[in-house]
Amino acid sequence: IKAYVEKTKVFQEFCKKYGDDLQKQSAADLELVSSWASLVKELYEYISLRYLDIEGLVFSDLEYFVDQGLDDRETLRKVSSDFSYFIVDEFQDTSQIQFSIIEKVIQKDYQKIFCVGDVKQAIYGFRGGEVGVFENCIQLTPNKLSMVNNY
């Protein structure tokens, strides 16, 4: 299982690195890319049909279910009404799905979020933390502060 997990990580990195290039392939290369896409689709369908048969939940399951649950307007209204402001420490380790949850709860009002982080300290890439999420959030938030010295 460990070997398969490692191979999956390699494939994920390949897709991140070359995904845009694969999407731009010419019609001549379409057959090759289509065969890959077909295999990947088959794999994901196999997993999705059997995944819920596995007993228990992992952290990423909880993230997924919270994100999906917030798509319900009434649930989102109830949750959003409980929070007027978010302070997120170690934001450089935030994953895309975690940021999606935050965005939904703050209803994309980026004045309701205060993020603390340092891209040089990102350490949770193995569990989905993406520095790009941090960099994107910097562009979205209206106020930015930087520390010049840290003792």
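Across the whole structure, a search finds five aromatic pairs. In the pair formed by Phe 14 and Tyr 18, the ring centres are 5.1 Å apart and the planes meet at 50°, so the pair is tilted. Rings of Phe, Tyr and Trp (the six-membered ring of Trp) are counted as a pair if their centres lie within 6.5 Å; planes under 30 degrees apart are called stacked, those over 60 edge-to-face, and the rest tilted. The model is a predicted one, in which local features need pLDDT of at least 70 and side-chain atom pairs count only at pLDDT 80 or more, while totals for chains, interfaces and linings use all residues. Residues are numbered from 1 along each chain as its sequence is written, and side-chain values use heavy atoms, with hydrogens and water left out.

Phe 14 and Tyr 18 both belong to helix H1 (residues 2-23), where a spacing of four residues places them about one turn of the helix apart. Helices (H or I, at least four residues) and strands (E, at least two) are DSSP runs numbered from the N terminus. Phe 14 has a relative accessible area of 31% and is partly exposed; Tyr 18, with 33%, is also partly exposed.

Another tilted aromatic pair is formed by Phe 91 and Phe 134, with 6.1 Å from centre to centre and 45° between the planes. This pair links distant parts of the chain, since Phe 91 is in the loop between S1 and H5 and Phe 134 is in helix H6, 43 residues apart. Phe 91 is buried, with a relative accessible area of 0%, and Phe 134 is buried as well, at 10%. Together with Phe 99, these two residues form one aromatic cluster.

When neighbours within four places in sequence are set aside, Phe 99 is in contact (heavy atoms within 4.5 Å) with Phe 91, Thr 94, Tyr 110, Val 133, Asn 136, Cys 137 and Leu 140.

Zero disulfides are present in the structure, a disulfide being a pair of cysteine sulfur atoms within 2.5 Å. For Cys 115, the closest cysteine sulfur is that of Cys 137, and the distance of 3.8 Å is too far for a bond. Cys 115 is partly exposed, with a relative accessible area of 25%. Cys 15 is also partly exposed, at 32% relative accessibility.

Side chains of opposite charge can pair when their charged atoms come close. A salt bridge is counted where a side-chain nitrogen of Lys or Arg is within 4 Å of a carboxyl oxygen of Asp or Glu, and the count comes to four salt bridges. One of them joins Lys 41 and Glu 45, with an N to O distance of 3.0 Å. Because Lys 41 and Glu 45 are four residues apart in helix H2 (residues 30-51), about one helical turn separates them. Lys 41 is exposed at 53% relative accessibility, whereas Glu 45 is partly exposed at 38%.

The side chains of Lys 104 and Asp 71 form a salt bridge of 2.7 Å, N to O. Lys 104 lies in helix H5 and Asp 71 in the loop between helix H3 (59-69) and helix H4 (73-81), so the pair ties together parts that are 33 residues apart in sequence. Lys 104 is buried at 19% relative accessibility, while Asp 71 is partly exposed at 49%.

Within helix H4, Arg 77 and Glu 74 are three residues apart, about one helical turn, and their side chains meet in a salt bridge of 2.6 Å, N to O. Arg 77 is partly exposed at 46%, as is Glu 74 at 37%.

Terms used:
Buried < 20%, exposed > 50% of the residue type's maximum accessible area, 1.4 Å probe, protein only.
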